[in-house]
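Me: I would like a close look at one part of this model, followed by an account of the surrounding architecture. Please define each term when it is used.

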Amino acid sequence: MTTDIVTTTTAFSNAASFESAQRMALALVSSNIVPEQYRGKDNIGNAIVALEMAQRIGASPLAVMQNLNIIHGRPSWSSTFIIAALNSCGRFAPVRFEVTGEGDDRSCIAWTTDKTGERLEGPPASIAMAKAEGWYAKNGSKWKTMPELMLRYRAAAFFGRLYAPDVLNGMHATEEVEDIGDRPRNVTARTESPILDDAPAPAPVAEVEVLPPAPKKAKAAKAEPVQAAAPATTDDGDIFG
């Protein structure tokens, strides 16, 4: 029994591949059909990145250029491209959507079957989730105007990241990045975490009695020289004693 290892040559595999990618990128940036961010010699770098992405996921470079969007500095796929990539990857039957509930309970799951016939379901997306995450109330939110379409787009993105992360190359859908925006991630530790709650309390620190500093010894006063007493004399000047 032999195992064939398939290797993919990308734009950055070696110097020859990179030179070839540069020539292809130069042809692409001279076209007026590609999106604006890929036009002109100043955007050859963007075109090479698109070529690299296309080679990694096995897609057309033009399709990648038309569906790879930069939102808040983050690369993202259009939702229609995600659905098309999942349907054409050959691992699953075409993706289907199951919608249930009404109002805030309206939810959708993306599902399909693999080659063995097993049913695969992605995580549900719902109107309640959109409101809880703050997507629904954002200015210009499409969740208010086209909720049925947004439910399916979000469910497809959830399914893709769960069952085909390599097809999406680890990226989110454009609509997801627009909903999330550029808000910072909350990395504050949760105090109710069971890991923290079950952790043993730190050992008490022994109290140390702090004594006041010892009084400094007074410096001895410098003794002044004692003058010898003058000998006593009599009135006539004789010394005696």
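In the hairpin of β3 and β4, which residue takes a positive phi, and how many residues lie between the strands?

Reply: The model is predicted, so local features require pLDDT of at least 70 and side-chain atom pairs pLDDT 80 or more, while totals for chains, interfaces and linings use all residues. Residues are numbered from 1 along each chain as its sequence is written, and side-chain values use heavy atoms, with hydrogens and water left out.

The residue is G101, with a positive phi near 80°, and the hairpin of β3 and β4 has six residues between the strands. Strand β3 covers residues 96-100 and pairs with β4 in the antiparallel sense over five bridges; E98 has I109 of β4 opposite. Pairing requires at least two DSSP bridges between two strands. Strands are DSSP runs of E with at least two residues and helices are runs of H or I with at least four, both numbered from the N terminus.

A second hairpin is formed by β1 and β2, with two residues between them, and H72 in its turn has a positive phi of about 55°. Here too the strands run antiparallel, joined by four bridges. The bridge partner of N69 in β2 is S76, and S76 also stands opposite H172 in β7. Strand β2 (residues 74-77) and β7 are parallel, with two bridges.

The whole structure contains four aromatic pairs. One of them, W77 with F81, is stacked, at 4.5 Å centre to centre and 25° between the planes. For Phe, Tyr and Trp (its six-membered ring), a pair has centres within 6.5 Å; planes under 30 degrees apart are stacked, over 60 edge-to-face, and the rest tilted. W77 is buried at 0% relative accessible area, and F81 is buried at 9%. Buried denotes under 20% relative accessible area, exposed over 50%, and partly exposed in between, with a 1.4 Å probe and protein chains only.

W77 also belongs to the largest nonpolar core, which has 44 residues; V64, W77, I82, L86 and W143 touch the most other members. Such a core joins buried Ala, Val, Leu, Ile, Met, Phe, Trp, Tyr and Cys residues through side-chain atoms within 4.5 Å. Its largest share, eight residues, comes from α7. Leaving aside neighbours within four places in sequence, I82 contacts W77, A156, A157, L168 and A173, contact being heavy atoms within 4.5 Å.

Helix α7 itself (residues 147-163) has 17 residues and spans 24 Å from first to last C-alpha, close to the 24 Å expected; the expected span is 1.5 Å times one less than the number of residues. Its buried residues include M150, L151, R154 and F159. F159 is linked by ring pairs with F92 and Y163 into a cluster, while R154 lies over the face of W135, 4.4 Å from the ring centre. R119 lies likewise over the face of W111, at 4.1 Å. A charge is over a ring when NZ of Lys or CZ of Arg is within 6 Å of the ring centre and within 35 degrees of the ring normal.
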